[in-house]
Amino acid sequence: MTATPALTFRLVSKVYDSSSRESRFALREVSFDIPPGLKVAIVGRSGSGKSTLLHLAAGIDVPTQGEVSIRGRNLAALSDRARTLVRRQEIGLVFQFFYLLPHLSVRENVCLPGFIAGAGVSEFEERASELLEEVGLLDRAEDNIQELSGGEMQRVAICRSLLRKPRLLLADEPTGNLDDANSGLVMNLMLKLASKEGHTLVYVTHSAELASLADEVWRLQSGVLNPS
Amino acid sequence: MIRYFLAAWIAHLRKAPSLFLLSVLGVALGVASVVAIQIINRNAIGAFSAGIKAVSGEVDLTVLGQTTTFPEELYSQVLATEGVAAAWPLYQIDVALADRDAFFLQVFGVDLLAPVRLPWNSSPADLSQALFEPGWIAVTPSLAQEMGWSIGDPIDVTSGTRRVQLVIGALVDFKKVSPLASRKLAVMDIAQVQGLLGSSGRIHQIDVQIQEGTHTEELILRLQNRLGPSVQIVTPRQREEQAADLMGAFRLNLTALSWISLFVGLFLIYTSTQASLLRRRLEFGLLRSVGATRAQVFGLILGEVSLLGLLGVILGLPMGYWVAQSNVEMVSATLTNLYLLQEIDSLQLSPSLYALAAGIGLGGAMAGAFFPAIDISRKNSKDLLTAFTLHEKANSLALPVFGMGWLVLTLTALWFWFLGYSWKPAGFVLAVAVLVALPLLTPFLIQQICGRIKTRGFGLGYSLKSLAARLQTTSFAVSSLAIAVSMLLGITLMIGSFRKTVEVWVQTTVQADIYLTTPSWRAEPEATLDAELVSALAAHPGVVSVDRLRRLLVSIDNKRISLVGVDMDLSGGQSRFPLLKGDRMEVLGKVQQGGVLISEPLARKSRLDVGDLLQVYAGAGKLEFPIAGIYYDYTSELGSAAMDLAVMGEIFGPGPIHSLSLYLEEGRDPERVVDEIKARFPDTPLQIRSNQRLREEIFEIFDQTFAVVRILQMMSLLIAVCGIMLTLLVLARERISELALYQALGASRLQIFRLFVGKGLGMGLIALGLGSAGGTVLAAILIFVINRTYFGWTIQVYWPGWPVLQQLATILTAALLASLYPALRASKTPAVELSRDDLQ
Ligand SMILES: Nc1ncnc2c1ncn2[C@@H]1O[C@H](COP(=O)(O)OP(=O)(O)OP(=O)(O)O)[C@@H](O)[C@H]1O
Ligand SMILES: [Mg+2]
């Protein structure tokens with residue numbers, strides 16, 4: 001494979017300073033390459049370090065040791081601002097608790113990354129409509145966020161994460177707050193959209209069924225990564 | 001519980017010191033502004049009574065002239081009245097120090113042989129020389145030290161154009177008797193005062209001690225019958241009330257302003273309590289679930305808030321004292337200029353002031369915290385433990401609250417229109433209604449303005465929109481700033497209009513080239529010009545005409561006002577009395593036949609009109625003059641009246657002139673003539689000012705009068721700006737996950753910084769809009785209602801464009817500056833915080 005990996009971890013460890021006790025590893029010497037377009041599901045017990053891994057991948061947090069690279073660029077070597085720009089341009093995030101802003105409408109929530117990037121307004125508004133159309137929420141575009149159900153909210157959050165066509169999509173338990181029916185729907189939508197646009201996708205899930213939809217399933221155990 | 005209370009308090013203090021400090025500062029500033037004004041007000045009255053107490057000690061009754069002085073024969077009649085145990089006469093006069101500019105001694109002439117022991121007489125000073133040594137005067141040690149005088153030193157003083165040398169005979173510390181007594185108090189033998197400085201055979205007051213067992217009311221009646229209508233008999237309390245009445249309007253206005261600052265401070269406390277409670281809902285939920293009662297939780301919160309209030313008081317008291325101290329000179333000047341009252345020499349904090357400060361500080365803190373505390377303690381522990389916000393109600397309440405605001409405004413307006421207009425304090429009711437309505441209108445307006453913004457970017461529009469998301473928190477900050485802005489703007493519009501009105505008035509009335517009076521002009525009626533001097537000046541080269549003014553103090557409705565006599569015929573002199581009512585030619589004719597002109601404040605306050613009879617008590621008894629016209633006058637709030645000089649001479653007998661204005665021939669330089677006159681009469685104490693200088697002085701006095709008001713404005717603005725900062729800090733803490741989300745979505749720190757500055761700016765802008773509306777209404781109330789009923793002046797409305805713009809810019813800048821620190825804090829929020837909390 002000659003293409004630069006979408007995401008690379010090299011001997012990445014993360015230790016949170018717990019002020020009193022001896023430090024505990026949330027991640028221990030994790031290494032992997034994810035080639036562009038691959039869909040990876042990460043599973044593991046609660047506290048095994050799944051969220052930590054995603055945060056490091058998104059450049060939201062920095063590793064204690066090791067190197068995280070996005071398309072060959074070492075995040076640790078970048079300034080805070082440059083890291084922010086990489087996140088802005090290359091990464092889409094989906095969270096367990098949706099994190100939609102209650103004071104914005106559905107459309108505005110989807111457009112938020114566009115607002116922040118300051119890109120051409122008409123361009124991303126069109127894109128937002130397309131995405132909402134895809135997830136079947138176009139007719140709710142001007143609605144208030146509070147009026148949506150959980151499943152609908154997560155679909156909106158997925159639209160938001162895809163607005164700027166990120167190369168790398170990271171999702172932390174996107175279905176963790178949804179019932180089974182909605183989980184399947186949301187997960188399938190996400191996979192469909194990611195495939196259609198060729199995004200690399202890394203998602204965390206507790207469900208074996210949903211994990212099986214990915215190209216590869218990796219297991220985290222006490223901070224140590226085992227492909228399964 | 002107490003131990004838990006302290007531990008929890010300290011822990012939270014550590015976590016959020018800036019929030020805590022801002023709230024304390026808010027309380028402190030509110031307390032300070034109320035305390036400062038109270039200190040000044042109380043000490044102004046204190047200064048008045050202290051002088052009298054220091055010299056006379058405790059008296060039961062005082063006989064005062066209806067005007068100023070009365071014949072000293074009345075003294076023996078008082079002594080001979082049944083029920084009088086003792087009595088002693090007083091002569092009181094302000095004299096100017098010859099070698100100082102506008103430095104007055106309050107000289108009391110007392111009967112040093114009086115059978116009573118005067119309170120200060122017990123001092124070891126040797127008073128035996130007082131009667132025999134010409135010019136013997138006792139002064140206070142502090143003044144002597146300040147001036148470098150010692151016993152035996154000669155000092156030159158002036159009374160009218162008289163210049164007299166006195167000798168320091170003794171140092172007497174009146175402060176020992178009456179702590180508020182001025183250091184400028186001085187005592188002489190009464191006969192010497194009459195002869196050297198005042199007029200022989202006349203006195204200002206007689207102090208009376210009542211025989212035991214005598215009924216006070218009966219004695220007053222007996223004295224009044226015996227002494228006749230030229231005097232009034234008052235108790236010390238009544239005298240104090242009269243003085244308080246005199247400056248009542250002035251004091252009331254300052255007091256009202258200072259309470260507004262406190263009102264603004266309340267919002268701050270509300271916001272901070274609300275925020276701290278929101279942060280700690282889990283803690284309270286836990287407390288409830290382990291068995292703490294509602295009352296205990298409520299008590300815990302109020303306990304913390306009182307601690308905050310207490311610190312505010314501890315900080316606010318010295319702050320208030322400092323503000324009072326640094327402004328007392330200007331207020332004191334206003335009191336002496338406008339009301340001819342004693343100046344305030346020293347300040348004292350009475351125990352009741354401490355109590356007041358504690359009351360408003362603690363009470364204010366409690367009031368601000370009451371509703372949030374009730375809200376929290378009402379929730380059951382399950383609600384507290386699940387994520388929820390107190391804000392959810394605000395959105396649905398915005399509209400009904402808005403309706404309430406309108407209702408308050410409409411009802412008050414209707415009430416005023418149909419019933420209230422004739423009630424004196426009605427203007428304040430209107431002003432309060434505006435200030436209460438503003439915060440009620442705010443949430444809905446924010447909701448409408450900010451909520452409707454369609455954001456298409458992450459700029460100011462986005463900042464504004466996000467303000468609506470935390471309606472309850474932002475409304476409070478915006479309302480408190482809006483209140484401060486309306487107060488600022490209302491008063492600026494009022495003062496600006498007033499100043500412009502006075503400018504126009506000065507331009508028409510101050511027409512002569514040179515104005516001349518005596519340095520001791522304050523002391524009426526003794527501050528007179530020597531007759532020879534007057535004729536010499538009239539013949540001075542270059543002088544074309546002379547306008548002489550004679551001033552008498554007369555009593556109208558038991559109030560002393562100036563009745564001035566001028567040559568009404570003077571060619572070109574009509575402009576001296578710009579008429580509010582009356583036809584110029586007609587008025588002139590009536591005045592020459594014994595009519596009087598009255599000033600606007602007198603007309604308004606005594607409800608007099610052209611054609612009415614002005615009833616005046618003068619030395620001669622009761623007199624009546626037909627009112628020929630009403631003129632604009634801004635020199636005195638108490639009012640004045642004017643008549644023709646010749647008519648005055650016929651009615652009151654010939655008398656000396658108090659001041660002169662000179663008209664020069666064309667082309668003469670007034671400043672040069674001023675110098676010539678000074679050189680020609682080097683030893684005569686004169687206060688000579690050119691037209692230009694007098695105008696300047698008028699505006700110096702004007703600006704001085706409103707200096708305190710400006711301080712109060714600044715203080716409430718400061719409190720409101722603290723509110724903005726506090727609110728943004730609250731948002732920066734409370735919305736950590738929102739900020740983290742922005743970062744996760746790729747917002748840079750600079751963008752988040754700008755987002756917050758935008759919020760500050762947005763709140764500033766909305767508050768400016770609301771405050772401008774409120775301020776305009778407030779200005780109208782001040783100009784047309786409050787000022788008219790309390791001061792009696794007509795103020796023409798002018799829009800002082802530049803100062804208003806400057807102020808608006810200042811306010812926006814302040815809001816912007818206040819948002820910098822919170823913005824910095826917000827921009828430092830780590831993106832990982834996202835995992836902690838939810839957003840809803
Ligand atoms: N900010 C933090 N400070 C200290 N320790 C942390 C922090 N975040 C996570 N940890 C610890 O790191 C370890 C891994 O946490 P992480 O959140 O990555 O687990 P997770 O696999 O996502 O679990 P879950 O399935 O419950 O979400 C845990 O032991 C957790 O306690
Ligand atoms: Mg997790």
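Predicted model: local features only at pLDDT ≥ 70, side-chain atom pairs only at ≥ 80, totals over all residues.
**Close-up 1. Packing of helices α16 and α25 of chain B.** Helix α16 (residues 471-509) and helix α25 (residues 749-790) of chain B pack at an angle of about 40 degrees with their axes 6 Å apart, which makes α16(B) oblique to α25(B) (angles under 35 degrees count as roughly parallel, over 145 as roughly antiparallel, 65 to 115 as roughly perpendicular and the rest as oblique). By class, the contact of α16(B) with α25(B) has 19 nonpolar, ten polar and no charged residues, with Gly counted among the polar ones.

**Close-up 2. Positive phi at A:L11 and at A:R71.** Most residues other than glycine have a negative phi. A:L11, in strand β1 (residues 7-16) of chain A, has a positive phi of about 50 degrees and is exposed, with a relative accessible area of 53%. A:R71, in the loop between β4 (65-70) and β5 (73-74) of chain A, has a phi near 45 degrees and counts as partly exposed at 33% relative accessibility.

Residues are numbered from 1 along each chain as its sequence is written, and chains are lettered from A in the order in which they are written. Local features need pLDDT of at least 70, side-chain atom pairs count only at pLDDT 80 or more, and side-chain values use heavy atoms, with hydrogens and water left out.

Terms used
Axes fitted to C-alpha atoms, helices over the stretch in contact; angles between N-to-C directions. Helix = DSSP H or I, 4+ residues; strand = E, 2+ residues; numbered from the N terminus. Buried < 20%, exposed > 50% of the residue type's maximum accessible area, 1.4 Å probe, protein only.
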